[in-house]
Amino acid sequence: MTFVPVIPESYSHVLAEFESLDPLLSALRLDSSRLKCTSIAVSRKWLALGTSGGGLNLIQKEGWKHRLFLSHKEGAISQVACCLHDDDYVAVATSQGLVVVWELNQERRGKPERICVSSEHKGRKVTALCWDTAILRVFVGDHLGKVSAVKLNTSKQVKAAATFVMFPVQTITTVDSCVVQLDYLDGRLLISSLTRSFLCDTEREKFWKIGNKERDGEYGACFFPGRCSAGQQPLIYCARPGSRMWEVNFDGEVLSTHQFKKLLSSPPLPVITLRSEPKYDHTVGSSQSLSFPRLLHLSEHCVLTWTERGIYIFIPQNVQVLLWSEVKDIQDVAVCKNELFCLHQSGKISHLSLVSVERCVERLLRRGLWTLAAHTLCLFQNSVIASRGRKSLTVDKLEHLKSQLDLTTSSDLISQLEELILKFEPLDSACSSRRSSISSHESFSILDSGIYRIISSRRGSQSDGDSCSLHSQTLSEDERLKEFTSHPEEDQPDQCCSSHGNEDSVSSHGPVTFETDKSETFLPFGIPLSFRSPSPLVSLQAVKDSVSSFVRKTTEKIGTLHTSPDLKVRAEPRGDEQSCEEDVNPVTCPKEEDTEVKKEVTSQPPKEDKFQELKIATTEAMTKLQDPLVLFEPKSLRMILQEWLSQLDKTFAVKDFSGISDAGTASRPSNQDVLLLDESKKGILDEDNEKEKRSSLGNEETVDQTACESVNSVREPSDDLFRVCSPCHIANGLQKDLAELTTLCLELNVLNSDVKSTNGHVDHTLQQCSPEILACRFIKKYFFLLDLKRAKESIKLSYSNSPCVWDTFIEGLKEMASSNPTYMEMEEGDLPTRLKLVDESVPFDSPLLIAYATQLYKKFGESALRSLIKFYPSILPSDVMQLCHLHPAQFLAYLDSLVKSRPEDQRPSFLESLLQPESLRLDWLLLAVSHGAPPSTTTMDDEGNPRPHSHLFSWGYSQLILHLIKLPADFTTKEKMTDICRSHGFWPGYLTLCLELERRREALTNIVYLDDMSLMEGDSGWIPGTVEEWKLLLHLVQNQSTKPAPPKSPNGNFSDGPSPINVENVALLLAKAMGPDRAWSLLQECGLTPELSERFTRTCDILRIAEKRQRALIQSMLEKCDRFLWSQQA
């Protein structure tokens, strides 16, 4: 036996046949050449098999018991359909074209009876059956394109015999060719023919063609209700030639085309079956250009199709091929949840299941299929090792599997299984190596900054029952309870702190012991005690080390000239001073302080005193803001905020760390101390000789730079870090006032104060920065004080052209959300799963919602944006504009989907409510006409005039453009919109605006260029209103007819399209509008009578006769009314 090849890790699912239906077919005598199965359907309860002899076998899926046999004398069964919402009904179509609906009467334990026989398609071949999803109605399609509906009586109690009951049969439509597939969902009927797909609103009796391009052949289409659970409209997928699919919205508009041709070049996965040994060929084949004859919605996020070669399962929303397997000669497939029932050309039936690899192996082990289970496990070992399947497939099970194999016949398989077991470390092992410790107890996620985030499952978390720390395995429940009660504050979920690291740092650390370092919270991969506070950000360790290194070197250099005991304490921290260093981290919450720190803090003055000056300044500022003279004077308001901001900078630059350290303010040097050290160094260098001074000047600059960085790291957070939590406790009242003033500073662009250094000079470093940089620094420094909703709106208004400010704000939100378990779970799963997770876990009004949306957008792109419409108004279009500012076309897709999510009569008013500020109208219009538009050379000639029939071209966002155009606006805005439409060749919108602006002559001129009489006919046509306008139109048409015919448009041939605008057609329109006599005189005046044909003369005669009869009829009616009125008076 040769070694089993290994399938790549990306394949996580497989088709498996766990049981054969051959014995069932033999019992039903459907395995003979005389009688075979011709059609198949499945529901939750039944498997329905139609036969060539006209019989219908209904088998109960539970236990595969043959329960019912329904006979038909009308011929063989060609189609079967089970009612999915009521298992008591089944519909069949016979070879004679009759449709029979049965009621099984299982609830009343009665005999099945025919309740309807429809002969609407008699003599035709019924090619598709489909049930309504809400009521008892069956849709039928035949090979000539006729689609009908049979509505049944829904009353089970009062029902006459089927012979005497007339059920209404309604003809829905007749399409241009054979009906390939029918599907129904939420009032919409989907029809797929040989040439195109159609969408029908059966309630309103409206019909749409899906897409503009036709096809030739059997191509399926189906609804995709995966988004219904998220409150959004379903999607439609339509098969296209060349292994493509159209993604269509519920209104029948094509959203995108998915190409699977190249993805299908991968080798097929084997079907796990007892019939043969699974084999896999690594050879990559050529791309497959296929036509998908049917499309079926499978499981939750998949679409299934098949060809003569095999079965194909796609995840269309992600444009992925989940798998494809070779299954020959398939005639039809019926699906229910994850089950597939395949009817082959020979009449055989295969029962397949779409399952994950781990689930497949589990079921094989339970059935005792040891060799097949071992083959499957070795084939998909990469997928099993990388997944969470090790919870169920333990090492013990694998050892048991190996013991069941025959050593003589399966030696190679056993050796492969042994190698797999070595790689297959159990999750609950003692982790003999550091790598196994990390992989078993830590889960990784990569932040946007590139930092690896390690989430430990050993902190008393019960989310993963298979992984626990060594300590938690040895402690008893009573000891855990005692430890838990002794540290009640440490059971809070970490909202601001988390341990970070990368894989390189993992390998560089040696074995961790508690004796080497008392400050165990700084060991990124130490084994923590249960219920202990999480480790701080490892990424800040380098910053802290650099500060400590600089202070240590400076102390050694200045020696006895300036000895600072505070500095020494800082340079050599004790183990119990760990919380002091933790407090330097600007995102550390006060909940994470050790109890020893809290004891020493009691010896310090009360915390309220530390904010005394800030309280006074805040109260004074709030009082001044109540004065209308200050509030409505921007200059005075800015001055007050600047003064208050200087006090805020002073407070949080010095006192936010001193009051909560375990050694008080003496435990670390203040800003002034560090600056004095710099002055001391300068004094020493001035006393040295010139050579030493020059040689040390470079070092001086380096040290000064390091000192400046050190001061900044203490005085304010690093540029890459946020203060998302307050460094210390702030009273609620003060917190509210601080939030109000801080947010007001951001809104009024008061972002820095005149901070003086120790030498008395004003620090102009911040003043020289651009407003964007100042805003970014301000947001990072005081993120914990901002009103996030107001801050977001302010950033969108004030920094709409500065994406860096928005990105900084989003990074802060991500930092806040990163401690939420939902945020970590969002890193896995497909788009619908993550959307459901956000919908269930994140409050609808939470400001952090935009952070989750950003994560979805970075992963799934435009598909995620379209899904964000369900979060409106928590996420506004202005938020999405900032989110995808680099890809404006994606914003258009979101806006179009958002508007179409509203009922049609509410869309204009809804769109108008989104246009805040009003300037967005022109921006969005310009964006809409610039994307998804036909080439300008096809819509305009060299002189800028419209090309004939160019108004009929398809525009990607035509509905959105027309909605924007028709909204009320001032005259200047309408003129600008007219210029935009004309310059981009969007003629429907241009003509509409010309009519609104009373530019009738201009509109008529362009209508003549467009050469379409339909533009001047009907209720919405632009018919000239005066004799002068008629003369102008006739003159334009006469001049246009003398010009040479324009070349045909490359976008299509409109020879069979609308009627052209020529002299005779305009003359006929004139005769209908003004009467034949007045029209003739006007045509004579313009000298156009010689160009008229006999058709015009006959039409005028008919119009004269119609006018005479109409006048006679009116006269007769008036006389009758007159006689009636006189009789009433008498």
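Helices (H or I, at least four residues) and strands (E, at least two) are DSSP runs, numbered from the N terminus. The chain has 41 helices and 32 strands. This is a predicted model: local features need pLDDT of at least 70, side-chain atom pairs count only at pLDDT 80 or more, and totals for chains, interfaces and linings use all residues. Residues are numbered from 1 along each chain as its sequence is written, and side-chain values use heavy atoms, with hydrogens and water left out.

**The chain overall**
- Of its 1130 residues, 50% count as buried (under 20% relative accessible area; exposed is over 50%, partly exposed in between; 1.4 Å probe, protein chains only).
- Contact means heavy atoms within 4.5 Å. Among contacts with a separation of 6 or more, 61% join residues 24 or more positions apart.

**Around T202**
- T202 sits in the loop between β16 (197-201) and β17 (206-210).
- T202 counts as buried because its relative accessible area is 10%.
- Leaving aside residues up to four places away in sequence, T202 touches R137, F139, Y184, G187 and L189.
- L189 is 13 residues from T202 in sequence, and their C-alpha atoms are 6.7 Å apart.

**A positive patch**
- R359, R366, R367 and K397 form a positive surface patch. Patch residues have over 30% relative accessible area and no salt bridge, and like charges are joined within 9 Å.
- A salt bridge is a side-chain nitrogen of Lys or Arg within 4 Å of a carboxyl oxygen of Asp or Glu.
- K397 belongs to helix α5 (residues 395-404).
- K397 counts as partly exposed because its relative accessibility is 35%.

Terms used. Patch = residues over 30% accessible without salt bridge, like charges linked within 9 Å, V, L, I, M, F, W, Y side chains within 5 Å. Areas by Shrake-Rupley, 256 points an atom, 1.4 Å probe, with all protein chains shown as cover. Lys, Arg positive; Asp, Glu negative; His and termini not counted. Charge placed at Lys NZ, Arg CZ, Asp CG, Glu CD.
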